[in-house]
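Student: I would like to go through this structure with you, one question at a time. Could we begin by looking at it together?

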Amino acid sequence: MKGNDKSVTQVSLLNKIEKREAVVGIIGLGYVGLPLAIHFGHQGFKVIGFDVDVRKIDMLLRGESYIKHIQMEQIGEKIKAGKLDVTVDFNRLSEADCILICVPTPLTDKKEPDLSYVMDTTNCIADNLRAGQIVILESTTYPGTTEEALLPRLETNDMKAGEDFFLAYSPEREDPGNKKFDAANIPKVVGGVTSACLEIASALYNCITKVVPVSSTGAAEMTKILENTFRSVNIALVNELKVLGHKMGIDIFEVINAAATKPFGYTPFYPGPGLGGHCIPIDPFYLSWKAREYDFETRFIQLAGEINVSMPYYVIDRTIEALNQHEKSLKGSKILVLGVAYKKDIDDERESPGYTIMKMLSEKGAFVSYNDPWIPVLKQTRKYNFQKNSISITPEVLREMDAVIIVTDHSAYDFAEIVRQSNLIIDTRNATSKIDGADGKIFFA
Ligand SMILES: NC(=O)c1ccc[n+]([C@@H]2O[C@H](COP(=O)([O-])OP(=O)(O)OC[C@H]3O[C@@H](n4cnc5c(N)ncnc54)[C@H](O)[C@@H]3O)[C@@H](O)[C@H]2O)c1
């Protein structure tokens, strides 16, 4: 085979994709995998969703959703029409022509990449790999993962990437709950192990959205980390300036909004109680870990991490200060935390600063309760075990609290009413800035 000659395997898979006859297997049906499965289904592909969590598969088969912002009707219709199948049986991986990996990539307790989910999945794929399949990693990870970790494992059965099977990386850029951008209109960056791998992966994603091909899997992996590091660094910058603004009596939100009127060269980022979610607090550390292999310190990532991690502590300091001005101590105070989701209007509380804030409040002797319309119960996590239910925010409950901390500004909250009924508000989101007549009652943190 020379130059642009395509192998029979490559042509056959490209044809299947073009005719929408390729079966798409999606491994990991979480915030990323489930919407992706729906989108491929919308575009006429048969999709098989794989997950190790039996509870999730059972819920989907019963027609129930476990992610609030994802409409179950969309999934139910696809399952009924035979376009979406969900299973815990990984032997069925051989039925898929295109296998997309969407499993978690967390950090270990020592803030090092935990690739165990990706490698478990890769081992499973390797055991079932057949000629003519493409495997695409979508999980966020450090540059080098696809070729250093997945490729050798997948090539163990005498199959060669780019000839017998294909391997690519395409980062997922899903923003859960975003009504403007989803898998149908967010461009997909794609890098292949070989040019054939790139061509096939691009052909597949071209069926659902615009594709941005890059020269290598490493470039595609680094693209995702750059995007999230950019957010982390900019959020750290405004978080630091917020603290300075409080000291100087300058409202940083007013400043950011004024700066945002500049039509070029400025992108607004907003401060908050600290970073949350499965991406921004984690992904940059994947890169700093990898950088050490090259004797390189990623100083921006480190500094941004330090500032962002310190923000929940700042919220506690401001709460103590606010209570102090009301002649109260934190110890023994009744504190209501509003919102534990890491951002508004979603049910994802992973890595949420709300957890850190609640933990510190409890450790300092406060009586802590919470409300979150999206998260009725706090489940046990690797780090926390609160065993609390969301309480109703009636006027009586609000009046009974010594302080209310706004951690997440969900749209469902009536902030004017919350301010009216509460004794003291610590607002980390600038949710109450336009409410008049509450002097001495609202502290921004
Ligand atoms: N959530 C986001 O907003 C977002 C956005 C962009 C990228 N990402 C990245 O996408 C990846 C997935 O994130 P997510 O938010 O969808 O995670 P998630 O926890 O919501 O979903 C992951 C799913 O994978 C399943 N799983 C775990 N191990 C498995 C295995 N061995 N085989 C099959 N299934 C397995 C879990 O049961 C879970 O359902 C991560 O790398 C994340 O960094 C997430």
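Student: Which elements are included in what covers the buried residues of H12?

Tutor: Helices (H or I, at least four residues) and strands (E, at least two) are DSSP runs numbered from the N terminus, buried means under 20% relative accessible area, with exposed over 50% and partly exposed in between (1.4 Å probe, protein chains only), and contact means heavy atoms within 4.5 Å. The cover over the buried residues of H12 includes helix H11 (299-325), strand E9 (334-338), strand E10 (367-371) and strand E11 (403-406).

Student: What kind of model is this, and how are its residues numbered?

Tutor: It is a predicted model, in which local features need pLDDT of at least 70 and side-chain atom pairs count only at pLDDT 80 or more, while totals for chains, interfaces and linings use all residues. Side-chain values use heavy atoms, with hydrogens and water left out, and residues are numbered from 1 along each chain as its sequence is written.

Student: Which residues of helix H12 are buried?

Tutor: Helix H12 covers residues 353-363, and Serine 352 caps its N-terminal end, with a side-chain oxygen 3.0 Å from the backbone nitrogen of glycine 354. The buried residues of H12 are Pro353, Gly354, Tyr355, Ile357, Met358, Met360 and Leu361.

Student: Is leucine 34 buried or exposed?

Tutor: Leucine 34 lies in helix H2, and, not counting residues up to four places away in sequence, leucine 34 touches Leu29, Leu60, Tyr66, Ile67, Ile70 and Ile75. Because its relative accessibility is 1%, leucine 34 counts as buried.

Student: Where does the second largest pocket lie?

Tutor: On a 1 Å grid over the protein atoms alone, a pocket is an open set of points with protein on both sides within 12 Å along at least five of seven lines, whereas a cavity is a set where a 1.4 Å probe fits but cannot get out; lining residues have an atom within 4 Å of a point. The second largest pocket is lined by 19 residues, with His69, Ile70, Gly177, Asn178 and Asp182 nearest its centre. Domain bounds come from an automatic or database domain assignment, and since both domains give residues to the lining, the pocket lies between domain 1 (8-215) and domain 2 (235-444).

Student: What is the volume of the largest cavity?

Tutor: Leu36, Pro171 and Glu172 are among the residues that line the largest cavity. A volume is the space filled by probe spheres set on the grid points, which are joined across faces, edges and corners, and for the largest cavity the volume is about 50 Å³.

Methods: Polar contact = N/O pair within 3.5 Å; in protein donor to acceptor, adjacent residues only side chain to side chain.
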